[in-house]
Amino acid sequence: MQHILKIFPEYFDPVRAGDKTVEIRREDDKTFAVGDSLLLCEWNHDVGYTGRTCPVQVTHVLRDPPYVPPGYAALSIRLTDR
């Protein structure tokens with residue numbers, strides 16, 4: 001499944017560089033699974049979407065308390081396009 005998600009600029013650049021490999025996301029209206037594709041769309045409070053995107057794939061999902069609060073998932077991600 002593909003998910004299109006907002007990401008703030010301070011997190012977008014490290015993901016794009018390959019330095020940030022985990023995303024913490026709320027699972028209120030969606031559930032993430034290993035193999036899912038995420039299209040991370042940079043979003044800025046001042047201008048909205050910037051037009052920059054970064055495709056990644058979910059390689060691991062952690063939902064276990066006490067490591068991750070209920071309703072959230074820690075997603076290990078890997079870049080799929082540079």
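Author: Gladly! Keep in mind that this is a predicted model. Let us start with the sheet, which is open and has 5 strands in the order S1-S3-S4-S5-S2, with mixed pairing.

Reader: Which strands stand at the edges?

Author: Strand S1 (2-7) and strand S2 (22-26) do. Each has a single partner strand, so one side of each is left without a neighbour in the sheet. From one strand to the next, the twist averages 45°.

Reader: What holds strands together in a sheet, in general?

Author: Strands pair through backbone hydrogen bonds, and the pairing is either parallel or antiparallel. Here, strand S3 (residues 37-44) pairs with S4 in the antiparallel sense, over 7 bridges.

Reader: Which residue in S4 stands opposite Cys-41?

Author: That is Thr-53. You can follow the sheet onward from there: S4 and S5 run antiparallel and are joined by 6 bridges. His-60 has Ser-76 in S5 as its bridge partner.

Reader: How many bridges join S2 to S5, and do they run parallel or antiparallel?

Author: There are 5 bridges, and the two strands run antiparallel. As an example to find on screen, Arg-26 has Tyr-72 in S5 as its bridge partner.

Reader: Where does helix H1 lie relative to the strands?

Author: Helix H1 (residues 9-17) lies across S1, S2, S3, S4 and S5. Its direction makes an angle of about 60° with S4.

Reader: Now the loops. Where does Pro-66 lie?

Author: Look in the loop between strand S4 (48-62) and strand S5 (72-79). Check the backbone there too: the peptide bond from Pro-65 to Pro-66 is cis, with omega near 10°.

Reader: Last topic, pockets. What is the volume of the largest pocket?

Author: The volume is about 190 Å³. To read a pocket, ask next who lines it. The lining here consists of Lys-6, Ile-7, Phe-8, Tyr-11, Lys-20, Glu-23, Ile-24, Arg-25, Arg-26 and Trp-43. S1 and S2 are the elements that give two or more residues to this lining.

Reader: Which element gives the most to the lining?

Author: S2 does, with 4 residues.

Conventions:
Residues numbered from 1 in each chain as written. Predicted model: local features only at pLDDT ≥ 70, side-chain atom pairs only at ≥ 80, totals over all residues. Heavy atoms only, no water. Pairing = 2+ DSSP bridges. Axes fitted to C-alpha atoms, helices over the stretch in contact; angles between N-to-C directions. Contact = heavy atoms within 4.5 Å. 1 Å grid on protein atoms, 1.4 Å probe; cavity = no way out; pocket = protein on both sides within 12 Å on 5 of 7 lines; lining within 4 Å. Points joined across faces, edges and corners; volume = space filled by probe spheres on them.
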